[in-house]
Every structure is written in structure tokens, then in C-alpha cells.
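Please find below a colleague's note on the model shown here. The points begin with the sheet and then turn to the chain as a whole.

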Amino acid sequence: MKALLVAGARPNFMKVAPLATEFAARGVDAPICHTGQHYDERMSRLFFDELSIPRPRHDLGVGSGSHAAQTAAVLERFEKVLLAERPDLVVVVGDVNSTVACALAAVKLGIATAHVEAGLRSFDRTMPEELNRVVTDAVSDLLYCSEEAGVANLRREGVPAWRVVLAGNVMIDTLLRHRERARAASPRARLGLPDAYGVVTLHRPSNVDAAADARRLVDALVLAAREAPLAFPMHPRTREAFTRHGLLDVLSAGGRVVVTEPLGYLEFLGLTDGARVVLTDSGGIQEETTVLGVPCLTLRDTTERPVTVERGTNRLVGTDPAAVAAAARDVLSGPRVLRVPEYWDGRAAARIVEHCLSGILGRVSAERSRWLAGGLRPDGGSREVRTPEES
Ligand code: UD1
């Protein structure tokens with residue numbers, strides 16, 4: 001048995017780490033293929049070192065580019081790796097361009113493909129990640145969900161139940177494993193922050209690329225920083241955009257927003273764990289703050305992770321400066337909430353790996369043979385196509 005694990009961009013690395021560990025613990029050869037989507041030391045290698053992730057056996061070195069160019073480069077280069085490795089299973093995680101490209105390359109070669117963190121939907125198809133999620137789920141054989149909403153979305157999309165498993169959140173496996181070390185690694189003092197501080201991350205193209213959107217967010221942060229000083233580890237895309245728009249000085253002018261380079265996993269987790277509030281447009285940080293019990297203000301109008309709002313501390317506040325500042329004031333004076341979602345317990349990767357090794361790959365290949373033999377529809381399901389007159 002050989003499982004090829006795909007890691008492409010920063011939010012993938014903490015998800016691949018526990019999967020690599022669990023496959024290795026069961027004696028399964030599980031090499032890692034790094035697509036090179038993220039390549040800066042602080043966006044990639046640092047995470048492998050801190051999380052003791054095995055060195056990738058393959059590094060595709062695709063680097064940055066337009067969505068089409070980056071996705072196409074991964075598709076083409078990953079196919080060669082698949083032909084050389086001939087794995088029994090490909091595991092992709094998350095929703096980045098590398099995720100969709102590798103899933104597509106694998107299924108087209110008839111290789112069983114599992115998507116970890118399946119079924120999440122923001123229902124906003126202007127987000128590149130939403131398109132990646134929809135396509136990856138549509139082509140993958142096995143779909144491991146981190147929350148109930150993922151299962152419900154896939155059911156609504158007509159995915160047969162046997163392909164879908166509510167396995168829990170692999171990113172939380174990593175968080176729970178490293179929380180103590182992370183607390184000790186917090187850079188709070190080095191950054192000159194008092195006990196009561198907030199953390200900011202922003203990198204979505206819809207928030208930072210255009211000057212007007214970026215300006216609105218900077219105004220929101222400057223206002224919110226009056227409530228508590230903010231640490232802002234800045235993604236390279238954001239730094240480039242803010243520099244282009246002349247906003248870095250505006251942000252730092254009042255001395256209440258401390259801008260830093262991107263932080264490593266342990267430093268960032270430690271900083272977040274000690275924060276009184278987090279302001280973000282990230283997906284994963286909404287989940288991490290839910291488990292840490294730190295109030296999270298998501299500077300977006302939608303979330304693909306609704307459990308963080310229903311059970312956790314997350315609020316969707318949009319980007320209006322006055323609304324963001326009011327929400328920051330509110331959570332800074334309010335009580336903390338801690339209601340961790342089901343299966344976010346540190347055992348998600350173990351559940352996934354056990355399921356992959358349970359004989360399920362036989363069912364995947366039997367299904368594929370049925371398609372090849374007769375062009376049969378999966379599971380013999382009824383065809384519900386309506387003519388224009390019927391609908
Ligand atoms: C990608 C993911 C996003 C994820 C984010 C986490 C997609 C569509 N987006 O967005 O879902 O939340 O990663 O960080 O896959 N850059 C560097 N060094 C690097 C990587 C990127 O300087 O190591 C800069 C480059 O200017 C690049 C830009 O960041 O053009 C954007 O990188 P890219 O990988 O295209 O998307 P992200 O914005 O990082």
C-alpha cells in the first residue's frame with residue numbers, strides 16, 4: 001500500500017503532518033509531494049521543520065503565477081510523479097490551487113483520491129477556494145469532512161453516502177499536539193505587546209488587492225486598534241498590495257498596529273492563543289480560534305465553516321470600519337465561549353487513515369470497474385433529468 005500526500009501551500013502543511021504520522025504508524029509508505037505553490041522559507045520550510053513533517057520526496061517547484069498557470073503547472077508536473085510512484089491512493093487537503101490540480105491529475109489516471117476537509121461551501125463562487133472545493137469534491141472518490149455542514153452539503157449535491165465520512169478536523173490534531181510548545185514560543189514580548197492585544201491576518205484577494213477595499217480594511221484596523229494594540233503578521237501578497245497602495249505607513253502611523261513578517265506555526269499559534277481578539281479573513285484561523293476559545297471577527301460576509309459561528313466564538317462582521325471596531329469593543333468586554341465541535345479531538349487523522357485502510361479502496365475500484373464496464377451510473381441511482389417542458 002502506498003499513499004501519496006499532497007502539500008502545496010501554507011494552510012496545507014499542518015493538515016498533512018498528522019496524516020503522515022498516522023500512515024507511518026501503520027507501516028504505510030506515504031511519501032509527500034510538495035507542489036511548491038508556497039516556497040518562501042517562512043511560508044513553507046519552517047512549517048516542515050517545526051512540525052517534523054518528513055522531507056517531501058517530490059518538489060514540483062511551481063511557484064507563483066496566475067490561477068490558470070499555477071494550476072496547469074501542478075497538473076502537468078504532478079502527473080509525472082504519479083506515473084513514477086504509482087500510488088494506491090492520493091490524499092489532497094484543503095482548498096488551494098494545488099488541491100484541485102492534484103485531485104484532477106490523480107482521478108484521470110484512475111488512482112483512488114481522497115479529499116480531506118471536504119464539503120465546505122461558502123456559496124460564494126467569486127472565491128477561488130470555493131471553485132477549488134467544488135471541483136475537488138466532484139472528482140474525488142473519498143470525502144472526509146471536518147464538520148456536519150460538509151456532510152450536509154455533499155448530500156445535497158448528490159454524493160453517495162458511502163463516499164462521505166465525518167472524520168473531524170486534522171488541523172486541530174496538529175493544534176492540540178503543539179499547543180504547549182506554541183505557548184512558550186509566543187513572540188508577544190518580542191513584539192512589545194501588552195497582555196491585552198489582538199492579532200490580525202488578511203490575505204484574500206477580494207480584501208487586499210484593490211486599493212479601495214484595502215483602504216477600508218486599513219481604516220477598520222486603525223479604529224479597532226484603539227480598543228487593543230494589534231499584531232499583524234503580513235502575508236507576502238498583502239505586503240505587496242499595501243505597499244503598492246501606500247497603506248503600510250497609514251497602518252503603522254498610530255503605533256497601535258505592529259506589522260511583522262509571516263510567523264512560523266508555533267509562534268503564530270502561541271500569539272493567537274494569548275490574544276483577546278483575532279481579526280481575520282482566513283478560513284483555518286476561524287477554526288483554530290474556536291478551539292482556543294479566542295473571539296474571532298471574520299472580515300468577510302460568508303464562511304464555509306459555519307460550525308465556528310454556531311458553536312464557537314466566530315462572528316462574521318464584514319469590512320465596514322465602524323462595525324469592525326464596534327465588534328472588537330464588544331468582544332473585548334464580553335465573556336469567552338468554548339464549545340468545541342464534534343470530532344475536533346486530536347484523532348481526525350487516525351480516523352481517516354483507518355478508514356482508508358479498511359478495505360474501502362476495494363469499493364472505490366469496484367465502482368470504477370462498473371463505470372468502465374457499462375457506463376453505469378454510481379450506485380444505480382435514478383436519473384432525475386427533466387425536459388424543459390417538465391421543469
Ligand atoms: C493561497 C491559497 C489560499 C490560502 C493561502 C494561504 C489558492 C487559490 N489560494 O493564497 O486559499 O488561504 O494560500 O496563504 O490556492 N508569495 C510569496 N511567497 C510564497 C508564496 C506566495 O511571496 O511563498 C506571494 C507571491 O507574490 C504570490 C502571492 O503571494 O503571487 C500569492 O500566492 P498564491 O499561492 O498564488 O496565493 P495565496 O494568496 O498565498
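1. In this predicted model, seven strands form an open sheet with parallel pairing, in the order 3-2-1-4-5-6-7. Strand 3 (58-59) and strand 7 (164-166) are the edge strands, each pairing on one side only. Strands here are DSSP runs of E with at least two residues, numbered from the N terminus, and two strands pair if DSSP finds at least two bridges between them.

2. Strand 1 (residues 3-7) runs parallel to strand 4 (residues 89-93), and three bridges join them. Leu 4 has Val 90 in strand 4 as its bridge partner.

3. The protein chain has 16 helices and 13 strands; helices are DSSP runs of H or I with at least four residues.

4. The radius of gyration of the protein chain, taken over C-alpha atoms, is 21 Å, which agrees with the value near 21 Å for a compact globule of 391 residues. That rule is 2.2 Å times the number of residues to the power 0.38. Along the principal axes, the C-alpha atoms fill a box of roughly 70 × 55 × 40 Å.

5. Of the 391 residues, 56% count as buried, that is, under 20% relative accessible area with a 1.4 Å probe, protein chains only. Among contacts (heavy atoms within 4.5 Å) with a separation of 6 or more, 70% are between residues 24 or more positions apart.

6. On the conventions: residues are numbered from 1 along each chain as its sequence is written, and side-chain values use heavy atoms, without hydrogens and water. Local features need pLDDT of at least 70 and side-chain atom pairs count only at pLDDT 80 or more, whereas totals for chains, interfaces and linings use all residues.

Terms used: Buried means under 20% relative accessible area, exposed over 50%, partly exposed in between (1.4 Å probe, protein chains only).
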